[in-house]
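The sequence and the three-dimensional structure are shown first.

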Amino acid sequence: MSEPALLLLKNRLDLAALGLIVVGVGLRLLLLKQHWPWTDSDEGIFGLMARHIAYQGERPTFMYGSYYMGPLQAYLGAALFHVFGSSLLALRLGLVMLFALFLAALYLLTRTLYTRGLGLFTLALLSLGSPYMLTYQLRSYGGYPEILLCGTLALLIATWLALSAGSAPSWRRRLVRAGGYLSWGIVVGLGLWSDMLILPLMGVSGLLILLFCWRELLRVAPVICMLGGLILGMWPLLAYNLHPLPGHDTLTAVAIQREGPVPLHYTPALVWQQIKATIQLSLPTISGNPFCPVSEVPVLRDPTSPPTLTCRLIHSGWGGGYLLLFLCALGLAAWDLWRLGRSRLAGKPVEQVALARSSARLLLLLAAAATLVLFIHSLAPLKWPSLHGRYLIIFWIALPATLWPLWKGARMVWSSRLRFQQLGRSLCLALLLLLLLFYGLGTAQAFSQSPTAQTYYQQDMAFVQHLEQLGVSHFYSDYWTCYKLAFLSQERLTCGVVNQQLQPGYIRYWPYYWATQADHHAAYVLSRSDYAAALKQLMTQQQKHYRFTLYGDYYIVQPL
């Protein structure tokens with residue numbers, strides 16, 4: 001193919017990539033317009049933070065009630081509130097923006113490390129997705145879109161620095177590369193502030209720079225740019241941890257999140273349980289399995305399937321197959337790098353670009369492998385393994401690397417005389433098409449849940465209106481009711497979280513609890529199934545008169 005024709009083809013493929021990103025954004029906007037996914041109190045916290053940033057001048061360092069997880073989504077939501085007003089849709093628009101930037105960065109990374117064709121196929125997959133995948137792209141939970149964008153950009157910048165290392169120096173080139181080092185530091189710093197899950201990608205991208213740009217790092221300027229960018233990006237995190245309260249530093253909070261307040265005592269049986277839960281539930285969930293969804297937390301109202309033999313076989317087959325494909329990709333990347341390294345040691349000419357590209361491929365897969373090992377060696381697969389599959393979100397960044405063996409097998413021209421090779425090529429192509437079909441099926445499932453999402457939204461808004469009609473302004477409730485209603489009511493309703501003994505519960509925003517405590521007419525809005533015994537005890541202990549209202553599954557108890 002002539003050079004002009006090749007350039008034209010590349011331009012068309014890049015335009016197709018842009019079109020796929022637009023399609024993905026359009027699908028997500030359609031879902032958001034129909035209030036899918038339905039909201040909850042975790043998202044309500046980010047909505048309240050965005051309101052306080054936009055209208056009260058607050059500048060929180062972390063998500064309310066946490067000592068990690070930077071609230072970048074809340075700051076984006078606050079900016080959009082000034083444009084569109086405070087609403088659930090406006091809060092979520094920032095997530096769509098972050099995800100669109102992630103898709104663009106991932107395409108650039110994939111075409112740099114592999115091919116434009118694989119980049120297009122990856123975009124086609126990620127423009128779709130299972131309901132679980134789409135939920136963590138569209139529900140404001142904090143950290144996950146930021147990890148995807150910052151992690152991909154960190155590896156993309158590091159790859160560019162490695163591929164372009166060793167060129168003839170000039171002041172203009174040095175200035176451009178100094179900007180690259182500064183940019184790497186900033187995106188890594190922002191990622192660390194957002195969520196520590198980016199650490200494996202930070203490590204491998206930094207190692208890639210060290211391996212191929214070490215001569216440049218002997219000078220002071222690139223090091224200052226990297227460290228300066230890193231400090232600038234994670235400054236809120238650093239500033240807080242300079243003088244934290246005892247036990248309230250970020251590292252302690254992350255350690256408790258990983259293993260719980262009591263360290264796990266590992267035994268062979270426990271480790272096997274962690275591995276099995278990861279393969280059977282966590283990996284299938286995060287990698288887009290649309291069949292037999294599992295939700296371990298009923299209050300989230302997510303669909304779940306009974307643990308039938310068929311579902312267990314589907315989960316095990318999907319998780320085992322995905323892990324096998326990932327290990328094949330890891331082995332192939334290691335083999336390619338070893339082959340290049342052996343040729344170089346033998347004195348054969350090996351381009352630095354090929355060596356850097358092979359190293360970046362292997363390091364990307366190693367980052368995903370490290371994330372998987374850390375996940376298995378934590379509390380996550382023991383408690384809600386399906387829900388906690390989100391901690392493996394780096395596998396979305398590693399998706400093109402994982403698919404490379406299939407893509408390479410499907411594209412390889414085999415000899416027509418070898419029938420088993422033709423079968424292998426057909427199998428690789430069939431698996432790729434099946435994966436695309438399953439992701440499309442997952443997207444269709446999300447749209448089929450839109451009427452349910454609209455019903456939940458209408459019920460929540462009707463509940464808010466009913467409480468206001470009863471004259472309620474402050475109320476005590478459970479966590480999953482409190483902050484959701486507070487945000488949906490635009491803070492006309494505020495609440496204090498209580499446990500089943502009506503004592504302070506899982507409180508993320510104490511000013512709400514204090515305001516509720518100061519209101520002697522504060523109501524109780526409590527689930528009948530969870531708080532019936534506590535309400536009976538309340539009636540016997542306090543010499544007060546109450547008005548009871550039954551609304552759906554809730555008791556509304558107002559002191560007279």
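The sections below treat confidence, cores, helix packing, selected residues and backbone geometry in turn.

## Confidence of the model

The structure is a predicted model. The mean pLDDT over the chain is 91, and 96% of the residues score at least 70. Helix α17 (residues 394-397) has the highest confidence in the chain, at 97, whereas helix α13 (residues 250-259) has the lowest, at a mean of 75. Where pLDDT is low, predicted coordinates should not be read in detail.

## Nonpolar cores

The largest nonpolar core comprises 105 residues. Those with the most contacts inside this core are Phe102, Trp184, Leu201, Ile209, Phe395 and Leu403. Beyond the residues up to four places away in sequence, Phe395 touches Leu283, Tyr322, Phe326, Ala368 and Leu372. A second, separate core holds 53 residues, including Tyr479, Ile507, Ala523 and Ala534. In soluble globular proteins, nonpolar side chains tend to be buried together.

## Packing of α15 against α16

Helix α15 (residues 309-345) and helix α16 (residues 352-376) have axes that come within 9 Å and cross at roughly 145°. The crossing of α15 past α16 is left-handed. On the α15 side, the residues making the contact include Leu323, Phe326, Ala329, Leu330, Ala333 and Leu337. On the α16 side, they include Leu355, Leu362, Leu365, Ala368, Ala369 and Leu372. The residues of this contact divide into 16 nonpolar, 4 polar and 3 charged. Among the charged residues in the contact are Asp336 and Arg344 of α15 and Arg361 of α16.

Three residues of this contact, Phe326 of α15 and Ala368 and Leu372 of α16, are also among those touched by Phe395.

## Buried positions

Helix α6 (residues 131-138) is mostly covered, with 8 of its 8 residues buried. The buried residues are Pro131, Tyr132, Met133, Leu134, Thr135, Tyr136, Gln137 and Leu138.

Gly77 belongs to helix α3 (residues 72-84) and counts as buried because its relative accessibility is 0%. Apart from neighbours within four places in sequence, Gly77 is in contact with Ala50 and Leu91. Ser87 lies 10 residues from Gly77 along the chain, and their C-alpha atoms are separated by 9.3 Å. Gly189 belongs to helix α8 (residues 171-194) and also has 0% relative accessibility, so it counts as buried. With neighbours within four places in sequence set aside, Gly189 is in contact with Leu230, Gly233 and Met234. Gly189 and Ile231 are 42 residues apart in sequence, yet 6.6 Å apart from C-alpha to C-alpha.

## The loop between α21 and β2

Glu491 is located in the loop between α21 (479-488) and β2 (494-497). Its relative accessibility is 18%, so Glu491 counts as buried, the cut-off being under 20%. The C-alpha atoms of Glu491 and Tyr512, which are 21 residues apart along the chain, are separated by 9.9 Å.

Gln490 lies in this loop between α21 and β2. Gln490 is partly exposed, with a relative accessible area of 27%, and has a positive phi near 60°.

## Other loop positions and backbone geometry

Asp553 is placed in the loop between β4 (546-551) and β5 (554-559). With a relative accessible area of 37%, Asp553 is partly exposed. Asp553 is in contact with Leu526, Ser527, Arg528 and Ser529, leaving aside neighbours within four places in sequence.

Most residues other than glycine have a negative phi, and most peptide bonds are trans. Trp384, in the loop between α16 and α17, has a positive phi near 60°. Trp384 is partly exposed, with a relative accessible area of 33%. The peptide bond from Trp36 to Pro37 is cis, with omega near 0°. Pro37 is in the loop between α1 (3-33) and α2 (41-56).

Methods. Residues are numbered from 1 along each chain as its sequence is written. This is a predicted model: local features need pLDDT of at least 70, side-chain atom pairs count only at pLDDT 80 or more; totals for chains, interfaces and linings use all residues. Side-chain values use heavy atoms; hydrogens and water are left out. Buried means under 20% relative accessible area, exposed over 50%, partly exposed in between (1.4 Å probe, protein chains only). Helices (H or I, at least four residues) and strands (E, at least two) are DSSP runs, numbered from the N terminus. pLDDT is the predictor's confidence in each residue, from 0 to 100. A nonpolar core is a set of buried Ala, Val, Leu, Ile, Met, Phe, Trp, Tyr and Cys residues joined through side-chain atoms within 4.5 Å. Contact means heavy atoms within 4.5 Å. Axes are lines fitted to C-alpha atoms, for helices over the stretch in contact, and angles run from 0 to 180 degrees between N-to-C directions. A crossing is left-handed if the near helix is turned anticlockwise from the far one by less than a right angle, and right-handed if clockwise.
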